[in-house]
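Hi there,

Here is the structure I promised to pass on. Have a look through it first, and my notes on the aromatic rings follow below.

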Amino acid sequence: MHHFFVNKDQIGEKEIQITGSDVNHIRNVLRIHPGEQITVSSPDAVTYRCEVTKTEEALVTAKILWSQEADTELPSKIVLFQGLPKADKMELIIQKTVELGVSEIVPMATRRAVVKLDAKKAEAKQKRWSAIAESAAKQAKRTIIPEIKPVMTFEEAVRYAESFDRKFIPYELARGMEATREAFGAIAPGESVAIMIGPEGGFDEQEVALAGEAGVLPITLGRRILRTETAGMTVLSILMFLLEENKNPARENKGGLLL
């Protein structure tokens, strides 16, 4: 079933109004007609099952059938700080880490990064990456669309990460796996987590030292050297497994929103 996102002001007592680029997608790409059902997520983590009742040029109206509190988000905010990789690897990284539950992605221009983006190219890339994040969030039935931040220098990224509760930087010279297990196991639900991943050439020693001064903990992901597009997904997979709560399936809301 196709999934969409709306703001709270688009949700009425009995119906939801979908506007913007999703209207064209619903009408002309997916060719959804009145009578077909869709799901819609709101910023307050409520998912609505709806029946499309009207498709106009700039507006799609859908009747609310029932609603439920969604439980697809991880209990901790995880932000991926990703060194700019070559070619279209960033698109794959965004797609898969959004599926795995990342809350936000910060592209970083690091010293060993081959890719160099000027302001105009960086803006265009950010728009493209945001669209990929939205598409992946819809596919994964997320209740939020993870934000793709503007490209930051490594120094800017470190300053931004300083306020996070837990901060990690996978590094080939970090100590053994037991320390990584202990660090990940200590993360409590509700804590914010920053993961800093280097580009193809990795981080240089000065960058690792700068991160360490800001409280970022070097960790190892094992004896093998992982590609930049693999490292972030590996960390997200581990954290998803550790943080995912065993909840009962969300039940339909039998209160005032059930129509």
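This is a predicted model, and it holds 5 aromatic pairs. One of them joins F81 and Y160: the ring centres are 5.9 Å apart and the planes meet at 55°, so this pair counts as tilted. As F81 sits in strand 6 (residues 77-83) and Y160 in helix 4 (residues 154-161), the pair ties together parts that lie 79 residues apart in sequence.

F81 is buried, because its relative accessibility is 0% and the cut-off for buried is under 20%. Y160 has a relative accessible area of 25%, so it is partly exposed.

Another tilted pair is made by F154 and F203, with 5.4 Å from centre to centre and 55° between the planes. Here F154 belongs to helix 4, while F203 is in the loop between strand 11 (192-197) and helix 6 (205-213), so this pair ties together parts 49 residues apart in sequence. F154 and F203 are both buried.

Back to the F81 and Y160 rings: ring pairs link F81, Y160 and F164 into a cluster. S192 is found in strand 11 and is buried, at 14% relative accessible area.

Best wishes

Conventions:
Residues are numbered from 1 along each chain as its sequence is written. This is a predicted model: local features need pLDDT of at least 70, side-chain atom pairs count only at pLDDT 80 or more; totals for chains, interfaces and linings use all residues. Side-chain values use heavy atoms; hydrogens and water are left out. Rings of Phe, Tyr and Trp (its six-membered ring) pair if their centres lie within 6.5 Å; planes under 30 degrees apart count as stacked, over 60 as edge-to-face and the rest as tilted. Helices (H or I, at least four residues) and strands (E, at least two) are DSSP runs, numbered from the N terminus. Buried means under 20% relative accessible area, exposed over 50%, partly exposed in between (1.4 Å probe, protein chains only).
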